[in-house]
Amino acid sequence: MIMLVKRPTPSIFWSWATPVIAVLATMIAGGVLFAALGKNPLDAIRTIFWDPILGPNAGYFRGQLLVKAGPLILIASGLAVGFRAGIWNIGAEGQYIMGAIAGAAVALAAYPAESVLLFPTMVIVGGLGGWAWAMIPALLKNRFGTSEILVSLMLVYVAQNLLAYMAFGPLKNPQGFGFPGSRNLQQYASAHNPELIARTGMHWGVVAAFIAVIATYVLMARHIAGFRIRVAGDAPKAARFAGVAPTKMVVFCLGLSGALAGLAGLFEVSGPSGQITDSFNAGYGFTAIIVAFLGRLHPVGILLAGLIMALTYIGGDSAQLSLGLPAAAIQVFQAMLLFFLLGFDFLTNYRVKLKGTRA
Amino acid sequence: MRRVTGNDKLLTIEGLTKAYPGVLANDRVGFAVAAGEVHALLGENGAGKSTLVKMIYGLVKPDAGSMELLGAPYAPPEPRAARSAGVAMVFQHFSLFEALNVAENVALGMENPPPMRTLAARIREVSDAYGLPLDPDRTVGDLSAGERQRVEIIRCLLQDPKLLIMDEPTSVLTPQEVDILFGTLRKLSSEGTAILYISHKLEEIRGLCDHATILRGGRVVATCIPRDKTAHELAEMMVGTELKLTDRAGRQAGDVALEVVGLNLPPTSAFGPTLKNIGFSLRKGEVLGIGGVAGNGQEELLAALSGERPSTPGSVILAGEDISGFGPNRRRARGLLAAPEERLGHAAAPDMSLIDNAILTGAKRKKLTRNGFLNMRAARDFAQAIISAFDVRTPGPHVAARALSGGNLQKFVIGREVLQDPAVLVVNQPTWGVDAAAATAIRQALLDLAAKGAAVIAISQDLDELVEISDRFAALNEGRLSEPVAAASLTLEQIGLMLGGAHGMKPVEAVL
């Protein structure tokens with residue numbers, strides 16, 4: 001008989017081993033899925049996980065890795081802080097969009113003036129845009145006790161509609177021959193977030209992601225604010241006893257994750273994407289939730305998880321091109337990763353015991 | 001009708017063994033209970049009493065050993081089988097639905113409940129017969145703890161049990177309610193029902209029980225006739241070492257440290273109590289004992305003093321300063337510290353280490369932060385200091401709080417506040433679920449603290465404890481606090497009356 005025995009303390013070994021097992025299980029289950037689609041599973045796995053780093057065209061892909069991983073890590077770092085406190089911001093996608101719109105609007109309003117102050121201003125406004133969008137669920141939760149999960153999620157769809165309106169309306173490029181979408185910020189020197197080192201994909205957003213990893217690590221491990229966040233997540237009553245005001249906690253956590261998501265949106269619109277279009281958002285805000293959990297809500301884990309997740313994006317793209325896999329197959333593949341992670345997670349808190357039938 | 005079956009062995013237990021990972025909860029336990037006997041199972045927390053009765057009641061399967069009931073082998077695979085064999089149990093924690101009435105609650109525990117009207121009549125009949133008046137139509141949420149216990153007991157009596165197991169039945173009762181309960185138990189035993197009575201309250205056992213089996217570390221260490229022993233002798237058998245008595249010499253009341261004036265607090269939940277016009281003043285070097293059955297506003301009073309729930313201006317005054325609106329940390333900074341009742345989840349964060357839990361309340365007074373950054377070395381030293389000063393048994397300060405036993409965690413929680421040198425310390429149920437040795441150590445720490453000039457408020461259900469440590473005593477009943485009176489002049493009887501007596505009941509005479 002198989003028995004589950006609760007561990008007295010969570011296993012540190014398993015808390016780091018489960019993500020690795022989840023990745024392996026995803027590869028196996030993904031292989032089965034690809035085989036069912038009539039593709040050679042080994043080819044597909046190699047195309048997704050191997051070729052982007054070490055394959056023949058790796059030179060191009062490697063740069064893409066940081067481009068994709070940057071926003072994921074930046075957003076996930078903020079989300080993880082809230083998740084540790086038991087505050088569930090599911091709407092980073094919306095905050096990402098709002099950060100991009102706010103930051104891009106500053107640039108487009110200033111066009112064509114050139115100034116070294118423009119880009120820093122955009123960064124600040126972009127962060128504020130995401131922050132403000134996250135304040136809506138925060139205030140509603142504090143004031144009326146609404147669920148931040150539902151409100152933040154629903155605001156994603158509001159933000160998407162706002163994005164479409166901006167792309168077709170106020171932010172549309174007046175010299176764009178009627179095509180939807182804003183001016184391309186890549187062609188506006190003061191507003192452009194360029195590749196800092198050629199062919200690496202390193203831009204200011206990636207720098208910000210690394211800073212976020214370090215800063216959230218210091219916050220959570222060394223600062224009293226992070227300590228309070230951890231207590232709030234582990235035992236809300238104990239947190240109150242320790243003097244943590246739950247409403248301030250909600251404002252801080254949603255604010256931080258919203259601001260970081262907003263920054264990610266700003267760096268994306270001023271860099272790799274270049275313009276506001278109605279299809280500007282690529283799901284980073286949602287995927288970052290997976291990244292946060294895959295990384296065990298730990299900054300270093302998130303760094304690694306962000307890189308792996310970016311790999312599945314790039315590998316997925318190239319598998320679509322070279323093997324003709326449908327885009328949905330890649331999304332299923334990413335979802336399986338979270339599914340297996342949560343499934344294997346019980347090993348952290350439970351021990352599996354094999355036992356003969358009892359007398 | 002029940003018959004008195006004389007001295008026949010009703011239940012015989014031999015070599016019962018049960019191991020859990022890391023502990024041998026029961027090690028070859030054996031004893032026998034005769035029909036009509038009141039048999040005490042005596043032992044500290046963790047001695048294995050609960051595991052033993054859970055095996056008898058079919059909740060836990062023994063690893064080895066055998067049981068016989070009325071001469072036939074008895075191995076209940078589940079509580080239902082135990083009940084149909086005539087074994088009933090009243091648990092320490094009630095399993096009642098507050099929103100349902102008494103009859104509905106009783107029906108939920110039955111295999112084939114009769115129609116509600118018949119059942120209500122049966123409940124009235126049984127409750128009259130055994131002196132436990134209970135209205136079947138009342139909502140359980142409105143009942144006192146003692147009345148709730150009666151629901152559980154009547155639920156058992158409706159099954160006509162041969163053996164009734166009672167787990168710590170008096171922990172929630174006033175002295176008058178205890179008398180009523182004992183009347184009922186004596187009547188049951190005179191009719192031939194055997195009672196297995198679990199407790200660590202020694203005077204009770206001396207007064208009620210015919211035999212006692214004493215457990216320590218999962219083994220039977222002694223059997224005796226409790227009437228023939230003093231409470232102190234029983235305690236030493238239970239603990240296995242000589243017990244120190246607390247020493248309360250050399251205390252003098254000084255200036256007023258804390259004043260509470262007209263404190264009102266609305267309830268937080270539907271069945272929660274309201275604090276009504278609470279007022280008292282507390283002097284330096286004084287221990288104020290606040291007695292009363294849990295659920296009468298104890299938790300709310302602690303929250304109002306710790307700062308978790310702010311109150312109206314002017315209601316809480318610490319050393320002349322109105323702190324009614326201050327949060328927990330501002331109160332801590334001024335020397336008002338607290339230790340709530342619920343250890344895991346309120347006084348301590350379960351999954352966090354003892355170091356983190358030391359930071360939880362000690363950050364400010366122990367200067368465990370520098371410019372907002374945690375000073376982990378100082379935190380570790382503080383946790384270590386608590387562990388050594390209060391003899392907390394743990395592999396080290398890195399262990400998660402939930403890995404500690406209840407008694408050890410309680411020592412840590414109390415120690416954490418005591419070592420911060422409070423001006424006023426408020427503790428709720430300081431020794432609840434703590435073994436006798438640890439309880440003595442905790443009480444002594446509170447007395448030492450008062451001797452050093454701190455004011456202490458001890459909220460407790462354990463009246464013996466309050467008599468032992470308090471200078472003044474007040475009762476908290478239904479959200480109202482009685483006028484504090486000097487504890488030395490009080491008898492347990494008077495304290496019981498202060499606690500609201502037996503909620504409008506008179507004890508029935510035991511039919512012997």
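**Helix packing, then sheets**

Tutor: Helix 2 of chain A and helix 3 of chain A sit roughly perpendicular to each other, and that's in a predicted model, so keep that in mind. The angle behind that label is roughly 105°, taken between the axes of helix 2 (residues 41–54) and helix 3 (residues 58–84) of chain A, which come within 6 Å. On the helix 2 side of chain A, the contact is made by Asp51(A), Pro52(A), Ile53(A) and Leu54(A). Helix 3 of chain A answers with Ala58(A), Phe61(A), Arg62(A) and Leu65(A). Sort the residues of this contact by type and you get six nonpolar, two charged and no polar.

Now over to where chain A meets chain B. Here 20 residues of chain A are in contact with 27 residues of chain B. Helix 8 (224–234) and helix 9 (236–241) of chain A each put at least two residues into the side that touches chain B. Helix 8 of chain A gives the largest share, six residues. By type, this side of chain A splits into eleven nonpolar, six charged and three polar.

Cross into chain B and you run into sheets. One is an open sheet of six strands with mixed pairing, in the order 6-7-8-3-9-10. Strand 6 (87–90) and strand 10 (219–224) of chain B stand at its edges with a single partner strand each, so one side of each has no neighbour in the sheet. Ignoring direction, neighbouring strands here are turned by 20° against each other on average. At the strand 10 end, strand 9 (residues 211–216) and strand 10 of chain B pair antiparallel over five bridges, and Thr213(B) stands opposite Thr223(B) of strand 10. Helix 1 (residues 49–56) of chain B packs on this sheet, touching strand 3 (38–42), strand 6, strand 7 (163–167), strand 8 (194–199) and strand 9 of chain B. The direction of helix 1 makes about 150° with that of strand 7 of chain B.

There's also an open sheet of four strands in chain B, ordered 2-1-4-5, and its pairing is antiparallel. Its edge strands are strand 2 (23–34) and strand 5 (72–73) of chain B, each pairing on one side only. Strand 5 of chain B pairs with strand 4 (residues 64–69) of chain B in the antiparallel sense over two bridges. In strand 5 of chain B, Ala72(B) is the bridge partner of Leu69(B).

Terms used
Residues are numbered from 1 along each chain as its sequence is written. Chains are lettered from A and ligands numbered from 1 in the order in which they are written. This is a predicted model: local features need pLDDT of at least 70, side-chain atom pairs count only at pLDDT 80 or more; totals for chains, interfaces and linings use all residues. Axes are lines fitted to C-alpha atoms, for helices over the stretch in contact, and angles run from 0 to 180 degrees between N-to-C directions. Angles under 35 degrees count as roughly parallel, over 145 as roughly antiparallel, 65 to 115 as roughly perpendicular and the rest as oblique. Two residues are in contact if their C-beta atoms, placed from the backbone, lie within 7 Å. Ala, Val, Leu, Ile, Met, Phe, Trp, Tyr, Cys and Pro count as nonpolar, Asp, Glu, Lys and Arg as charged, and the others, Gly among them, as polar. Two strands pair if DSSP finds at least two bridges between them.
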